[in-house]
Amino acid sequence: MELRVANVRKEFERFPALNDVSLDIRSGELIALLGPSGSGKTTLLRLIAGLERPSAGSIFFGDEDASHKSVQDRNIGFVFQHYALFRHMTVLDNITFGLRIRKSSRRPEKAEIRRRALELLDLVQLSGLEKRYPTQLSGGQRQRVALARAMAVEPNVLLLDEPFGALDAQVRKELRRWLRDIHDRTGHTTVFVTHDQEEALELADRVVVMSKGNIEQVGTADEIYDKPVSPFVFGFIGQSSHLKVRIENGEVWFHDRVIGIKASDLPDGPATLYFRPHDIELTDGCSGCIAGLVTVSRRIAGTWHTEVDVGAGHEKIEVSLNADQSAALKGGRIAFRPRHYRIFPTN
Ligand SMILES: Nc1ncnc2c1ncn2[C@@H]1O[C@H](COP(=O)(O)OP(=O)(O)OP(=O)(O)O)[C@@H](O)[C@H]1O
Ligand SMILES: [Mg+2]
């Protein structure tokens, strides 16, 4: 099912948790909401679910305005951020819960409910564990049961709030691949919250980057990484370095020299140059480059991670070099130019 969030605002006692947020989600899409703590991810998910009401704006399920529909009528599957299974129920009873509590007119036959639950158990690779209780499962297994429970009601939309948050890195990685695989097989429209960028970039068809109650950018993993639209997105996704510069007649100046890159479409004035620490070329000498002294140098596997003092009172910037480049050693002098970069005017 398609989902449309239209100019939604949410205030908690005057505190704006979401400002005028709009988002179109396609049917069958796997969308990740990504952002730092407090950026409004859970709030947006709860609004879609119907667990909160918007202060302004609407939420459409397909063509229908669902803003005033109850949680039940929206028919969603939800896995909460800190939500345990029902401890006193077996795995099977947990999974069938949402169907068993339905009004009799909408409730499938008992045998059908059981059949569906066993099929889901198979899908989440837990066949044979239906009689266990949650305490008899590992963390990863519990999360898979929670997901099976959310899918049991054949939801219009599957909403997952940091479903793997509490698990260790290795298990998270496995579950991530597995979730993508299940998504591809079942075709649910899925909205997935995470503050782990690797998780979002690897898993999602499109990533929604949020900050302070706003959507900063919506795009594929590549678009978000290659063409960040704001300093926040550039700094939040992947490694980044930045340098305060000045634009004059389409030339980029750092301190008292041009640094060999163009900004012909930008207005004159102060700006910030952003680049990836590894995405640079070393230059011979320095007519049109950035130069400085390496003050810290750490080698991790095949890469030198350095901090470079570029002078002029600027804070140190990070540059990554291959292990065979001796200029990267502490005390070395390096001159370089970013290969790809973005420049944002300073407001
Ligand atoms: N019920 C509430 N009452 C008051 N303020 C709230 C309520 N729920 C959320 N907030 C505030 O709204 C903002 C967004 O919260 P939200 O839970 O959506 O963030 P989040 O992006 O999910 O963060 P996290 O990654 O920590 O889970 C926060 O500043 C939070 O304190
Ligand atoms: Mg949250």
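**Ligand surroundings and helix packing**

Tutor: Around ligand 1 there are 14 residues, a residue being near if one of its heavy atoms lies within 4 Å. The closest are Ser37, Gly38, Lys41, Thr42 and Thr43. This is a predicted model, in which local features need pLDDT of at least 70, side-chain atom pairs count only at pLDDT 80 or more, and totals for chains, interfaces and linings use all residues. Residues are numbered from 1 along each chain as its sequence is written, chains are lettered from A and ligands numbered from 1 in the order in which they are written, and side-chain values use heavy atoms, with hydrogens and water left out.

Student: Which polar side-chain atom lies 2.6 Å from an oxygen atom of ligand 1?

Tutor: A polar contact is a pair of N or O atoms within 3.5 Å. Here the polar side-chain atom belongs to Thr43, at 2.6 Å from a ligand 1 oxygen. Backbone N or O atoms also take part: one of Gly38 is 2.8 Å from an oxygen of ligand 1, and one of Gly40 is 3.0 Å from a ligand oxygen.

Student: At what angle do H3 and H4 pack?

Tutor: Axes are lines fitted to C-alpha atoms over the stretch in contact, and angles run from 0 to 180 degrees between N-to-C directions. Helices are DSSP runs (H or I, at least four residues), numbered from the N terminus. Helix H3 (residues 91-100) and helix H4 (residues 110-123) pack at about 125 degrees, with axes 9 Å apart. H3 is therefore oblique to H4; angles under 35 degrees count as roughly parallel, over 145 as roughly antiparallel, 65 to 115 as roughly perpendicular and the rest as oblique.

Student: Which residues of H3 and H4 meet?

Tutor: Contact means heavy atoms within 4.5 Å. From H3 come Val91, Leu92, Ile95, Thr96, Leu99 and Arg100, and from H4 Ile113, Arg114, Arg116, Ala117, Leu118, Leu120 and Leu121. The residues of this contact divide into 9 nonpolar, 1 polar and 3 charged; Ala, Val, Leu, Ile, Met, Phe, Trp, Tyr, Cys and Pro count as nonpolar, Asp, Glu, Lys and Arg as charged, and the others, Gly among them, as polar.

Student: How does H3 pack with H5?

Tutor: H3 and helix H5 (residues 139-152) pack at about 25 degrees, with axes 7 Å apart, and are therefore roughly parallel to each other. Val91, Asn94, Ile95 and Leu99 of H3 make the contact with Val145, Ala148, Arg149 and Ala152 of H5.

Student: Which residues of H5 and H6 meet?

Tutor: Gly140, Gln143, Arg144, Leu147 and Met151 of H5 meet Val171, Leu175, Trp178, Leu179 and Ile182 of H6.

Notes:
Helix = DSSP H or I, 4+ residues; strand = E, 2+ residues; numbered from the N terminus. Polar contact = N/O pair within 3.5 Å; in protein donor to acceptor, adjacent residues only side chain to side chain.
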